[in-house]
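Let's take a walk through a protein model together. Have a look at the sequence and the 3D view, and then we'll go through them piece by piece.

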Amino acid sequence: MTDSPHAGEAHTNSIGQRLNWLRAGVLGANDGIVSVASLVVGVAGATTDTPALLLAGIAGLVGGAISMALGEYVSVSSQRDSERALIAKERRELHEMPDEEFEELTQLYRDRGLTDETARQVATELTAHDALAAHLEVELHIDQDDLVNPWHAAISSAISFTLGALLPLLAILLPPPEWRVPVTFVAVLIALAVTGSVSARLGGAQRGRAVLRLVIGGALALAVTWVIGTLLGTAVV
């Protein structure tokens, strides 16, 4: 037996779900890095008090992780509800008007370039095998066995946000006071370059542009919050 020429390629029904939680994970890490870094750098501009920095960082980490998880859960749940509604609608139409649905499926294959005879033969065989699956795939591009999972997205987002947030939190706490802000700046910009590269790879986009956007945006956020924290700290003193 020879190995399949496509043995290394993924042909399972779980690709959509894996891409969904990977996307949520990368976005969560970016948000964790930028939001908590901006928070602790802003506080560091106002005070060098370590307990204050720790408290601000942990509050930002916990609140942000919960917010990201909730947001992803609500968003993906809405998407799954829409998919389920479309599946129910298609199932009802197949039950109430099977002939019209068969002709619709045949026309869809004609639109894809098949001859009338071939399109009708394909529609006949697929309808006999699983009419609902055939219509969902061709009409709506939905796999009823691979619907998006809101829990996967929410958990992935919360974990990735937490991991991303730990980087600036440790960077602001571990160095001596005079090195805290510079070390955090460098660590955050490197981390954003990495996550930008990963997100570009997942989305098939240009890495350079994605990395540049994140690095510039992150640097701007850190600079603005540090300036504001410094001004407020001076005013309070």
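Which residue forms a salt bridge with K89? It's E93, and the closest N and O atoms of the two are 2.6 Å apart. A salt bridge here means a side-chain nitrogen of Lys or Arg within 4 Å of a carboxyl oxygen of Asp or Glu.

Before going on, a word on what you're looking at: this is a predicted model, where local features need pLDDT of at least 70, side-chain atom pairs count only at pLDDT 80 or more, and totals for chains, interfaces and linings use all residues. Residues are numbered from 1 along each chain as its sequence is written, and side-chain values use heavy atoms, with hydrogens and water left out.

Now the overall layout. The protein chain has 7 helices and 0 strands; both are DSSP runs numbered from the N terminus (helices are H or I with at least four residues, strands are E with at least two). Of the 237 residues in the chain, 35% are buried, where buried means under 20% relative accessible area, exposed means over 50%, and partly exposed is in between (1.4 Å probe, protein chains only).

Back to our pair. K89 and E93 sit 4 residues apart in helix α2, so about one helical turn separates them. K89 is partly exposed at 38% relative accessibility, while E93 is buried at 15%.

The structure holds 3 salt bridges. Another of them joins the side chains of E103 and R120, at 3.1 Å from N to O. Because E103 lies in helix α3 (residues 98-111) and R120 in helix α4 (residues 116-140), this pair ties together parts that are 17 residues apart in sequence. R110 and D116 also meet in a salt bridge, at 2.5 Å from N to O. R110 counts as partly exposed at 24% relative accessibility, and so does D116 at 41%.

Next, see how helices pack. Helix α2 (residues 50-96) and α5 pack at about 160°, with their axes 8 Å apart. That makes α2 roughly antiparallel to α5, since angles under 35 degrees count as roughly parallel, over 145 as roughly antiparallel, 65 to 115 as roughly perpendicular and the rest as oblique. The axes are lines fitted to C-alpha atoms, for helices over the stretch in contact, and the angles run from 0 to 180 degrees between N-to-C directions.

Finally, find L174, in the loop between α5 (150-173) and α6 (180-203). L174 is exposed, with a relative accessible area of 66%.
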